[in-house]
Each structure stands twice: as C-alpha cells, then as structure tokens.
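Here is a walk through one protein model, helix by helix and then into its core. Keep the 3D view open as you read.

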Amino acid sequence: VAPHDLACITGARRTAYDRLQRHAEAGKDWDRAIELSSKQERPIYRAARAASRVNAGQVAEAVAEVAELTKSPKWNAGQWYNFACVYAVASGKIADKKQEYADRAMELLNMAVQTGFKDADHMKKDTNLDTLREREDFKKLLAELEAAKKP
C-alpha cells in the first residue's frame with residue numbers, strides 16, 4: 001500500500017475518533033497521516049491535527065501549529081474559519097491567555113470573512129465559538145454577515 005493510501009485509510013478512523021471526542025487518539029492518527037502525506041497535503045493534515053489537539057487539551061501544541069500555518073496566506077475561507085475555531089477553543093482553556101487567544105480568533109474570523117466565508121447561521125450555532133459570543137466585535141461581524149445575506 002502506498003503512503004498516500006495509508007494516510008487516506010486512517011482518515012475514517014481519525015474522523016470517528018474526533019466525532020467520539022477521543023481527540024488524543026485522533027491526534028496520533030493525524031501524526032501518522034502527516035508522516036505519510038505528500039508535501040502538498042501536509043499543511044491540510046497539520047491544520048486538522050491542530051483542531052484535534054486543542055480539543056484534547058493540548059492547547060500549546062495546537063496554537064503553535066496554527067500560528068505557524070497561518071504564516072502562509074494560501075488558505076481558503078473555511079480553513080481560516082477553522083483556525084479561528086482553534087484559537088476560540090484555546091481561549092476558553094487557558095485563563096491567562098484568554099484575551100490573547102480570543103483576539104487572535106477574531107482576527108482569523110475576519111480573515112475567513114474577507115476570503116469568502118458567509119455562513120452566519122453556522123457561526124451562530126458553532127459551539128467552538130462560544131467563548132467569543134459576548135464580544136462586541138463578534139456580534140458586529142455576525143450582524144454584518146446576516147445583513148449581507150438579506151436581499
């Protein structure tokens with residue numbers, strides 16, 4: 001079996017672990033997928049691993065990974081949104097970094113919107129963003145998205 005095929009095969013298991021909230025186990029599979037993936041695929045897998053890590057309580061590792069990945073401007077709107085989610089979740093896990101991480105989450109959410117993210121309904125119910133809901137800049141961004149979708 002080719003390395004790319006092995007990376008893909010473990011994908012279903014990673015997804016299952018994440019859905020079962022067994023994020024630490026998913027992280028191990030992400031590590032293996034990154035090891036086996038092509039240079040082009042590697043950043044996508046690393047981004048997904050960051051989400052698993054933050055949910056597994058490996059906040060420093062997740063934030064460091066996203067900080068490195070966001071140095072590249074070559075992400076689509078959904079990926080910027082997912083990076084924002086990592087920081088938003090992290091802001092609820094590390095008290096002395098709450099403001100810093102929430103501010104970065106908002107920067108990344110704005111980047112997502114600037115690159116085409118328009119799904120206000122998803123933002124309203126995405127529990128990853130719960131730590132941002134009381135922020136005025138979050139409310140403003142959400143209101144702008146909702147206003148833009150009205151005819």
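This is a predicted model: local features need pLDDT of at least 70, side-chain atom pairs count only at pLDDT 80 or more; totals for chains, interfaces and linings use all residues.

Begin with helix H3, residues 42-55, and helix H5, residues 77-91. Their axes come within 9 Å and cross at roughly 25°. Angles under 35 degrees count as roughly parallel, so H3 and H5 are roughly parallel to each other. Their crossing is left-handed. On the H3 side, the contact is made by Ile44, Ala47, Ala50, Ala51, Val54 and Asn55. H5 answers with Gln79, Phe83, Val86, Val89 and Ala90. Sorted by class, this contact has nine nonpolar residues, two polar ones and no charged ones.

Now move to the second pair. Helix H6 covers residues 98-114, and helix H8 covers residues 136-149. Their axes lie 11 Å apart, at an angle of about 10°. H6 and H8 are therefore also roughly parallel to each other. From H6, the residues in contact are Met106, Leu109, Asn110 and Val113. They meet Asp137, Phe138, Leu141 and Leu145 of H8. By class, the contact of H6 with H8 has six nonpolar residues, one polar and one charged.

Next comes the core. In soluble globular proteins, nonpolar side chains tend to be buried together. The largest nonpolar core here has 36 residues. Those with the most contacts inside this core are Tyr81, Phe83, Leu109, Met123, Leu129, Leu132 and Phe138. Which elements give two or more residues to this core? They are H3, helix H4 (59-69), H5, H6, helix H7 (120-125) and H8. H5 provides the largest share, 11 residues.

Follow Leu129 for a closer look. Which residues does Leu129 touch, leaving aside its neighbours within four places in sequence? The partners are Tyr81, Cys85, Ala88, Leu109, Met123 and Phe138.

Finish back at H3, with Tyr45, which lies in that helix. Is Tyr45 buried or exposed? The cut-off for buried is under 20% relative accessible area. Tyr45 has 11% relative accessibility, so this residue counts as buried. Arg32 is 13 residues away from Tyr45 in sequence. In space, the two are 9.8 Å apart, C-alpha to C-alpha.

Methods. Residues are numbered from 1 along each chain as its sequence is written. Side-chain values use heavy atoms; hydrogens and water are left out. Axes are lines fitted to C-alpha atoms, for helices over the stretch in contact, and angles run from 0 to 180 degrees between N-to-C directions. Helices (H or I, at least four residues) and strands (E, at least two) are DSSP runs, numbered from the N terminus. Angles under 35 degrees count as roughly parallel, over 145 as roughly antiparallel, 65 to 115 as roughly perpendicular and the rest as oblique. A crossing is left-handed if the near helix is turned anticlockwise from the far one by less than a right angle, and right-handed if clockwise. Contact means heavy atoms within 4.5 Å. Ala, Val, Leu, Ile, Met, Phe, Trp, Tyr, Cys and Pro count as nonpolar, Asp, Glu, Lys and Arg as charged, and the others, Gly among them, as polar. A nonpolar core is a set of buried Ala, Val, Leu, Ile, Met, Phe, Trp, Tyr and Cys residues joined through side-chain atoms within 4.5 Å. Buried means under 20% relative accessible area, exposed over 50%, partly exposed in between (1.4 Å probe, protein chains only).
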